[in-house]
Amino acid sequence: MDLKKYKESILYLVFGGLTFLVNMITYVLFTRVVKADVLVSNCIAWIVAVLFAYVTNKFFVFESRETDLKYILKEFRAFVSCRIFSGVVELVIIFVMATLMGINDLFVKIVTNVVVIVLNFIFSKLIIFKKKDISINNKRDDFTYN
């Protein structure tokens with residue numbers, strides 16, 4: 001079995017798992033220790049997890065080596081924009097299932113993370129860290145979504 005072929009997917013699963021842990025630990029800390037609201041805690045956990053995920057996805061999973069500040073800011077903006085979409089999906093599911101339906105918030109949080117991980121992989125692979133065709137786009141500071 002050629003693991004190089006699946007390297008990116010395997011690394012995404014590893015760092016996605018670590019991002020999940022960062023998200024869950026932050027969420028539990030804020031809901032159980034700080035006693036913050038479920039939705040507020042989810043937003044805080046989302047912010048921490050997105051920052052962790054950006055760094056690990058950029059350097060370890062998709063190996064985006066560009067370090068020019070202008071490029072990084074554009075890349076980060078694209079990353080956060082896509083994560084906002086999946087974060088809103090997560091927030092809506094938690095609101096409906098945990099707040100309105102009364103289902104255990106930790107269970108709901110775990111279930112929503114599965115949905116979010118899949119969405120985020122698709123966004124990262126196809127939009128944010130997509131490998132550029134050098135012959136078409138050879139300007140260093142030209143960041144495009146294709």
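Mentor: Arg32 has a relative accessible area of 34% and is partly exposed. Please bear in mind that this is a predicted model.

Trainee: Why is Arg32 called partly exposed?

Mentor: Buried requires under 20% and exposed over 50%. The 34% of Arg32 lies in between, so the residue is partly exposed.

Trainee: What makes the contact of Asp105 with Arg32 a salt bridge?

Mentor: The closest N and O atoms of Asp105 and Arg32 are 3.0 Å apart. The cut-off is within 4 Å, so the pair qualifies. Asp105 lies in helix α4 (residues 105-128) and Arg32 in helix α1, so the bridge ties together parts 73 residues apart in sequence.

Trainee: How do you know whether Asp105 is buried or exposed?

Mentor: Its relative accessibility is 13%. Since buried means under 20%, Asp105 counts as buried.

Trainee: What makes Glu63 and Lys7 a salt bridge?

Mentor: Their side chains meet at 2.7 Å, N to O, which is within 4 Å, so the term applies. Glu63 lies in the loop between α2 (38-61) and α3 (69-100), and Lys7 in helix α1 (residues 7-33), so parts 56 residues apart in sequence are tied together.

Trainee: Why is Lys7 called partly exposed?

Mentor: Its relative accessible area is 40%, and this falls between 20% and 50%, so Lys7 is partly exposed.

Trainee: How many salt bridges does the rule give in total?

Mentor: The count comes to four.

How values were computed
Residues numbered from 1 in each chain as written. Predicted model: local features only at pLDDT ≥ 70, side-chain atom pairs only at ≥ 80, totals over all residues. Heavy atoms only, no water. Helix = DSSP H or I, 4+ residues; strand = E, 2+ residues; numbered from the N terminus. Buried < 20%, exposed > 50% of the residue type's maximum accessible area, 1.4 Å probe, protein only.
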